[in-house]
Amino acid sequence: MPVNSESSLRFDGRVAVVTGGGRGIGRSHALALAERGAKVVVNDFGGALAGDGSDSGPAAEVVAEIIAAGGEAVANTASVTDPAGAVSMVDDAISNFGRIDIVINNAGNLDPCGMPDLTPESIAQHHDIHVLGSFNVTRAAWPHFTSQGYGRVVLTASVGFFGHPYLMAYSVAKGATVSLARSLAVSGEDQGIKVNLVAPAADTRMVTDPELRAKSGLPPRDSSAPLNPERGPERVSPMVVVLAHESCPVNGEMFAAGLGRFAKVFLAETPGVIDRGLDAEGVLARWDEIVDETGYIVQVSSAGAVEFRERLLTDTP
Ligand SMILES: NC(=O)c1ccc[n+]([C@@H]2O[C@H](COP(=O)([O-])OP(=O)(O)OC[C@H]3O[C@@H](n4cnc5c(N)ncnc54)[C@H](O)[C@@H]3O)[C@@H](O)[C@H]2O)c1
């Protein structure tokens, strides 16, 4: 569908910050939002895949692409790990475009390592970029969202959060990102704010980098082969466009997007067994009933999980 037809999802009058918008998936989000009328602050610190170094080039290049296509954008090269840098992204939105409506927390690093070589410093670095970075930028925008009674936030998870032996620090950070998003979603639900997650899949340097593949135990790829557009970041952005739009139908949920597939990812709990006299031997004896997924419930918040448990306990004499 053309992005300027009457029924297309438009962002005219809306202003977005896209972190890590200078490359890969973030670049695609920034271009997609701008193409649909949003004014965009393209943030990118421009570092290497592992998170070190900086380069003002990527953010500036994407801004130039947007402007060349007739859109409006400004570059911001702060690191999401710096709370003052996060405030500067929102300040850039306000001073250049007068408001802030959307934060796409996409910036991320990846430095693969497994046990026992993984260091506390690596865990902390991934946490700083993925978790604190998302927190810092969302926090900077939050007062604007609450005062205008409107905001859309997308955080970037990964199927890595299910657990990975070599991408352990990354996986830990992505898991925390999920809990951050769900806590923010509950915080903003009465104030016109919706917070959701995308778990992307796309052939970017985070997937194709030969050193990363070798360190992660993945088979090598021919790095000279042209990238397959069917595996490109553009296959992720349609989901982010929906989650960032006024008509976003959900809050606090996570969606896989990429390679032509869109799906919901959720956390669930089995009804389990209620038997107040169970000792450890009894727990083991009734294991099959405890893990039986029949009648499982999808949990969307801690309050929901507590309510589910209380209801089961109340219903059981
Ligand atoms: N490519 C995939 O298949 C895949 C899968 C799951 C999740 N993800 C996630 O998608 C997001 C985008 O990844 P990508 O594949 O496009 O990788 P990428 O390396 O191409 O892009 C990430 C961008 O984030 C920027 N960045 C890193 N640290 C930053 C910081 N501190 N402040 C500001 N910018 C910073 C980098 O400079 C880079 O331009 C990441 O959060 C990543 O974890 C990607």
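Predicted model: local features only at pLDDT ≥ 70, side-chain atom pairs only at ≥ 80, totals over all residues.
Biologist: What is the handedness of the crossing of α1 and α8, and how do the residues of the contact divide by class?
Modeller: The crossing is right-handed. On the α1 side the contact has Ser28, His29, Ala32 and Leu33, and these meet Ser237, Val240, Val241 and Ala244 of α8. By class, the contact of α1 with α8 comes to five nonpolar, three polar and no charged residues.

Biologist: How are α1 and α2 oriented to each other?
Modeller: The axes of α1 and helix α2 (residues 57-68) come within 10 Å, with a crossing of roughly 25°. Angles under 35 degrees count as roughly parallel. The two helices, α1 and α2, are therefore roughly parallel.

Biologist: Which residues make the contact of α1 with α2, and how many of them are charged?
Modeller: α1 passes α2 in a right-handed crossing. The contact takes Arg27, Ala30, Leu31 and Ala34 from α1, and Val62, Glu65 and Ile66 from α2. Five residues of this contact are nonpolar and none is polar, while the number of charged residues is two.

Biologist: What is the orientation of α4 and α5?
Modeller: Helix α4 (residues 120-148) and helix α5 (residues 168-188) have axes that come within 8 Å and cross at roughly 20°. The crossing is right-handed. With the limit for this class at under 35 degrees, α4 and α5 are therefore roughly parallel.

Biologist: How many residues of each class are in the contact of α4 with α5?
Modeller: The α4 side includes Ser122, His126, His130, Phe135 and Phe145. The α5 side includes Tyr170, Lys174, Thr177, Leu184 and Gly188. Over the whole contact of α4 with α5, the classes are eleven nonpolar, eight polar and one charged.

Biologist: Is Gly53 buried or exposed?
Modeller: Gly53 lies in the loop between β2 (39-43) and α2. Leaving aside neighbours within four places in sequence, Gly53 is in contact with Gly47 and Ala48. There are 10 C-beta neighbours inside 10 Å, and a residue with 12 or fewer counts as exposed, so Gly53 is exposed.

Biologist: What separates the C-alpha atoms of Gly53 and Arg221?
Modeller: Gly53 is placed in the loop between β2 and α2. Along the chain, Gly53 and Arg221 are 168 residues apart. The separation of their C-alpha atoms is 26 Å.

Biologist: What radius of gyration does the protein chain have, and why does it agree with a compact globule?
Modeller: The C-alpha atoms fill a box of roughly 70 × 45 × 40 Å along the principal axes. For 317 residues, a compact globule would have a radius of gyration near 20 Å, so there is agreement with the value of the protein chain, 21 Å.

Biologist: What percentage of contacts between residues at least 6 apart in sequence join residues at least 24 apart?
Modeller: The secondary structure of the protein chain consists of eleven helices and ten strands. Of the 317 residues, 41% count as buried. Among contacts between residues at least 6 apart in sequence, the share joining residues at least 24 apart is 71%.

Terms used: Residues numbered from 1 in each chain as written. Left-handed = near helix turned anticlockwise from the far one by under 90°. Helix = DSSP H or I, 4+ residues; strand = E, 2+ residues; numbered from the N terminus. Contact = placed C-beta atoms within 7 Å. Nonpolar A, V, L, I, M, F, W, Y, C, P; charged D, E, K, R; others polar. Axes fitted to C-alpha atoms, helices over the stretch in contact; angles between N-to-C directions. Parallel < 35°, antiparallel > 145°, perpendicular 65-115°, else oblique. Rg over C-alpha atoms; globule rule 2.2 N^0.38 Å. Buried ≥ 20, exposed ≤ 12 C-beta atoms within 10 Å, placed from the backbone.
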